[in-house]
Amino acid sequence: MNYSIQQKGELIIAECMKISDTNPYEIFRTIAQMDFINIHGPEHHVLDGACILTAFHNAGGKIELYDALQKLMHEGLRMPGAACGLWGVCGAVTSIGAALAIIDGTGPLSAEDWGSHMEYTSAALARLAKTGGPRCCKRDAFLSMEQAVEYIKKRYDITLDMSPIRCEFSSRNDQCIGKRCPYNISSND
């Protein structure tokens, strides 16, 4: 079936609402294997942050999950695909940055906590830049999630489970960087 990006966002939210896991990577793995998620694409601008919001909520974080996911979808769907190469900012990072802004309760006029999640995004973007391209929405999601788990632990003293990440998607990615990827199965052996 050919899903619109709006439909993909709604399906991501519906799946997140069914999951009780506190591991954002496992939530991601479950949803990313579904037929409405492409190997690359702007659906990651919703999916990646949704996995963080879901894990945070399930670990005891004080958010209304459905409302938070709706806000995230609204923000994530505004960003076009290929932003990594065309705008210099990765959709995985912005999705998770938006999720952290939702958790933090910040907006453009916030004073006290305005830049806290920007510390996350700058650190995550630095890790992505160091790894290099070409694009990989899965690798970028993994790097971004690991950075977010650290941020959430430090800022909220909430521990999200994070199992070792071993990419199961490389065979579907024609641009996979292979052993240069920290999640490539052959680089972890």
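These legends walk through several close-up views of a predicted model.

**View 1. Helices H1 and H4 pack against each other.**
Let us start with helix H1, residues 5-16, and helix H4, residues 65-76. Their axes lie 10 Å apart and meet at an angle of about 155 degrees. The two helices are therefore roughly antiparallel to each other, and the crossing of H1 and H4 is right-handed. On the H1 side, the contact is made by Gln-6, Gly-9, Glu-10, Ile-13 and Cys-16. H4 brings Leu-65, Tyr-66, Leu-69, Gln-70 and Met-73 to the contact. Sorted by class, the residues of the contact of H1 with H4 are 6 nonpolar, 3 polar and 1 charged.

**View 2. Helices H7 and H8 form a right-handed crossing.**
Here helix H7 (116-131) and helix H8 (137-156) come into view. The angle between H7 and H8 is about 145 degrees, and their axes are 9 Å apart. From H7, the contact takes in Ser-116, His-117, Tyr-120, Ala-123, Ala-124, Arg-127, Leu-128 and Thr-131. H8 answers with Arg-139, Asp-140, Leu-143, Ser-144, Glu-146, Gln-147, Ala-148, Tyr-151 and Arg-155. The contact of H7 with H8 has 7 nonpolar, 5 polar and 5 charged residues.

**View 3. Gln-147 of helix H8 touches residues of H7.**
Is Gln-147 buried or exposed? Gln-147 counts as buried, because its relative accessibility is 13%, and the cut-off for buried is under 20%. Not counting residues up to four places away in sequence, Gln-147 touches Tyr-120, Ala-123, Ala-124 and Arg-127. Each of these partners also belongs to the H7 side of the contact with H8.

**View 4. A cis peptide bond joins Gly-133 and Pro-134.**
Now look at the loop between helix H7 and helix H8, where Pro-134 is found. The peptide bond from Gly-133 to Pro-134 is cis, with omega at about 5 degrees.

**View 5. Ala-82 and Asp-157 have positive phi values.**
Two backbone spots share this legend. Ala-82 has phi near 65 degrees, a positive value in a residue other than glycine. You will find Ala-82 in the loop between H4 and helix H5 (83-86). With a relative accessible area of 46%, Ala-82 is partly exposed. For Asp-157, phi is about 55 degrees, again positive although Asp-157 is not a glycine. Asp-157 sits in the segment after H8. The relative accessible area of Asp-157 is 59%, and this residue is exposed.

**View 6. Phe-28 and Phe-169 form an edge-to-face aromatic pair.**
The structure holds 7 aromatic pairs, and one of them brings Phe-28 and Phe-169 together. Their ring centres are 6.3 Å apart, with 80 degrees between the planes. Phe-28 lies in helix H2 (residues 24-32) and Phe-169 in the segment after H8, so this pair ties together parts that are 141 residues apart in sequence. Phe-28 counts as buried at 0% relative accessibility, and Phe-169 is buried too, with a relative accessible area of 2%.

**View 7. Phe-142 and Tyr-183 form another edge-to-face pair.**
In this pair the ring centres of Phe-142 and Tyr-183 are 5.3 Å apart, and the planes stand at 80 degrees. Because Phe-142 lies in helix H8 and Tyr-183 in the segment after H8, the pair ties together parts that are 41 residues apart in sequence. Phe-142 is buried, with a relative accessible area of 0%. Tyr-183 counts as buried at 3% relative accessibility. To connect this view with the previous one, note that ring pairs link Tyr-25, Phe-28, Phe-142, Phe-169 and Tyr-183 into a cluster.

Ser-95 counts as buried, at 2% relative accessibility.

Methods: Residues numbered from 1 in each chain as written. Predicted model: local features only at pLDDT ≥ 70, side-chain atom pairs only at ≥ 80, totals over all residues. Heavy atoms only, no water. Axes fitted to C-alpha atoms, helices over the stretch in contact; angles between N-to-C directions. Helix = DSSP H or I, 4+ residues; strand = E, 2+ residues; numbered from the N terminus. Parallel < 35°, antiparallel > 145°, perpendicular 65-115°, else oblique. Left-handed = near helix turned anticlockwise from the far one by under 90°. Contact = heavy atoms within 4.5 Å. Nonpolar A, V, L, I, M, F, W, Y, C, P; charged D, E, K, R; others polar. Buried < 20%, exposed > 50% of the residue type's maximum accessible area, 1.4 Å probe, protein only. Phe/Tyr/Trp six-rings, centres within 6.5 Å; stacked < 30°, edge-to-face > 60°.
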